[in-house]
Amino acid sequence: MDIIEHPPILHFASIPDHVTYTWIAMLLIITVSFFATRRLELVPRGAQNFMEMVLDQFHQILDEVIGAGGRRYLPLIGTLGLFILVSNLMGLVPGLVAPTANLNTTAACALVVFFTYHVIGVRKQGALNYLKHFAGPVPGPLKPLMFVIEIISHCARPLSLSLRLFGNMAGGHILIAIFFFMMGFDGLLGWALTGSLGGILIGAPGALVSAAFVIGFLMPLKILVAFLQAFIFCMLTMIYITGALEEAEHEAHHAPAGHH
């Protein structure tokens, strides 16, 4: 990638770029949150109004997906959603780095989700009962096989979460970088500036068409993907939490009947 794009504006030799820009993303979120809550008003405006609109959206999704009691998971879902979205959008700014275009960042987010929903399930059911539901409602001889399959399925979840987010962010970043390289001074624009007939007839129009394509199509598409990937990550997190809670509610609902 260093061949087709300039290094980031802010770079420390001893710190990986994705770590530096992870801190920057966190600083941006903390700063906006500070100004939004510094002077709370009954009729919100400015940053407070914006953040209340964002929180309302999270509340609606939590109520629809998890149901009653879902709002207690707002700190986790809201933090993940805002961090991933801000990190995704940072990759659109020349000279900045999208932390989510690095597998280390997406894997860290995915592992937080993985351990959190298992902790929720264990706290609701107890460790033994939570492990029992991995065997599923199958006949006795098939329970060991189903247990292994479920363990593999759950272990694949963080891999799927991290690779999906990383692949979309890194792929889009590489595609835009290639287009900028093609139409820059080392590409079509540089060819046009040589004054040759081919450069004038092909280089200049090619650079204009490429710029129009990037600005009119690729950049809006990248913005859409940034929002969509943040939404998908949060939605899958809520689904995993819902699965852990539903198993607990299922056990609690059927326990009196079995006892009776």
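A contact here means heavy atoms within 4.5 Å. Of the contacts in the protein chain with a separation of 6 or more, 67% join residues 24 or more positions apart.

Now, the ground rules. This is a predicted model: local features need pLDDT of at least 70, side-chain atom pairs count only at pLDDT 80 or more, and totals for chains, interfaces and linings use all residues. Residues are numbered from 1 along each chain as its sequence is written, and side-chain values use heavy atoms, with hydrogens and water left out.

The fold next. We have 8 helices and 0 strands. These are DSSP runs numbered from the N terminus: helices are H or I, at least four residues, and strands are E, at least two.

How far can we trust it? pLDDT is the predictor's confidence in each residue, from 0 to 100. The chain's mean is 84, with 88% of residues at 70 or more. Helix H3 scores highest, at a mean of 95, and helix H7 (residues 188-193) lowest, at 70. Where pLDDT is low, the coordinates should not be read in detail.

Last, the lining of the second largest pocket. Helices H1 (17-37), H2 (46-65), H3 (74-90) and H8 (197-259) each supply at least two residues of it. What classes of residue are in that lining? There are 17 nonpolar, 3 polar and no charged residues. Nonpolar covers Ala, Val, Leu, Ile, Met, Phe, Trp, Tyr, Cys and Pro; charged is Asp, Glu, Lys and Arg; the others, Gly among them, are polar.
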